[in-house]
Amino acid sequence: MTPSAGEAAPDARDIDVAPLDLAARVDEALAVQAQAFGLSDEEVAVRRHIVQRHLASPGARALGATTRGGRLVGFVYGMPNDRAQWWSTVVEPYLRRVGNEDWLTDSFTITELHVLPGYQRHGIGRRLITMLTDAATEPRTILSAVDTESPARALYRKLGYHDLARRVLFPSAPCPYAVMGAYLPLLRG
């Protein structure tokens, strides 16, 4: 649910960002992702298994954004990049083609970042991603985002991310993605 037309916009100060037991709250997180990203029930079922597999990776961690009542309205998770993981094997040829393959080494990958639509544009996504990457020991971070000019891409650019490869095609994805990277710590302001 998002705030209704008669409700006040959420105040980011009323949202707590803290470590999230993503394994225990995976269904809530995927419900946020489904609303924010427009996923079908079938896509959510597939992603549930992917999230559980990712959580077994060394260094994987998650943060959640919750209301005072405990409702999850956003989450982020990531892990140190592993060149043997599926995502890296898909993006590697695109990065190599433009001379950015080295970004797959010694980087922290932002795997997912989603905020419910009614809570977007209030600094919650920024808080989630900066808090998660502030704890990274790697000198840089990478992620993939739909390759369109969107609020998400604008946020990433404000944080210091830049395009490393564009028009990246993931199997079964309906549109191309961009791979973006930034040196840590992320920009503030």
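Val91 is in contact (heavy atoms within 4.5 Å) with Leu104, Val168, Phe170 and Val179, once its neighbours within four places in sequence are set aside. The model here is a predicted one, where local features need pLDDT of at least 70 and side-chain atom pairs count only at pLDDT 80 or more, while totals for chains, interfaces and linings use all residues. Residues are numbered from 1 along each chain as its sequence is written, and side-chain values use heavy atoms, leaving out hydrogens and water.

**Around Val91**
- Val91 sits in helix α3, residues 86-97; helices are DSSP runs of H or I with at least four residues, strands are runs of E with at least two, and both are numbered from the N terminus.
- With 0% relative accessibility, Val91 counts as buried, a word that stands for under 20% relative accessible area, with exposed over 50% and partly exposed in between (1.4 Å probe, protein chains only).
- Leu20 is 71 residues away from Val91 in sequence, and 28 Å away in space, C-alpha to C-alpha.

**The cores**
- A nonpolar core is a set of buried Ala, Val, Leu, Ile, Met, Phe, Trp, Tyr and Cys residues joined through side-chain atoms within 4.5 Å.
- The largest one has 39 residues, and Leu22, Ile110, Leu128, Ile129, Leu143, Tyr156 and Tyr161 touch the most other members.
- Elements that each supply at least two residues of this core include α1 (26-37), β4 (107-115) and α4 (124-134).
- β3 gives this core its largest share, six residues.
- Apart from it lies another core, of 15 residues, with Val91, Val146, Ala165 and Tyr177 among them.

**The sheet**
- Seven strands make an open sheet in the order β1-β2-β3-β4-β5-β7-β6, with mixed pairing; strands pair if DSSP finds at least two bridges between them.
- β1 (16-19) and β6 (162-168) stand at the edges with a single partner strand each, so one side of each has no neighbour in the sheet.
- From one strand to the next, the twist averages 20°.
- β5 and β7 run antiparallel and are joined by seven bridges; Ser144 has Val179 in β7 as its bridge partner.

**Around His114**
- His114 is in strand β4, and its relative accessible area of 8% makes it buried.
- Its side chain makes a polar contact with the side chain of Gln33 (3.3 Å); such a contact is a pair of N or O atoms within 3.5 Å, and within protein one must be able to donate a hydrogen and the other to accept it, with residues adjacent in sequence counting only if both atoms are side-chain atoms.

Technical notes. Axes fitted to C-alpha atoms, helices over the stretch in contact; angles between N-to-C directions.
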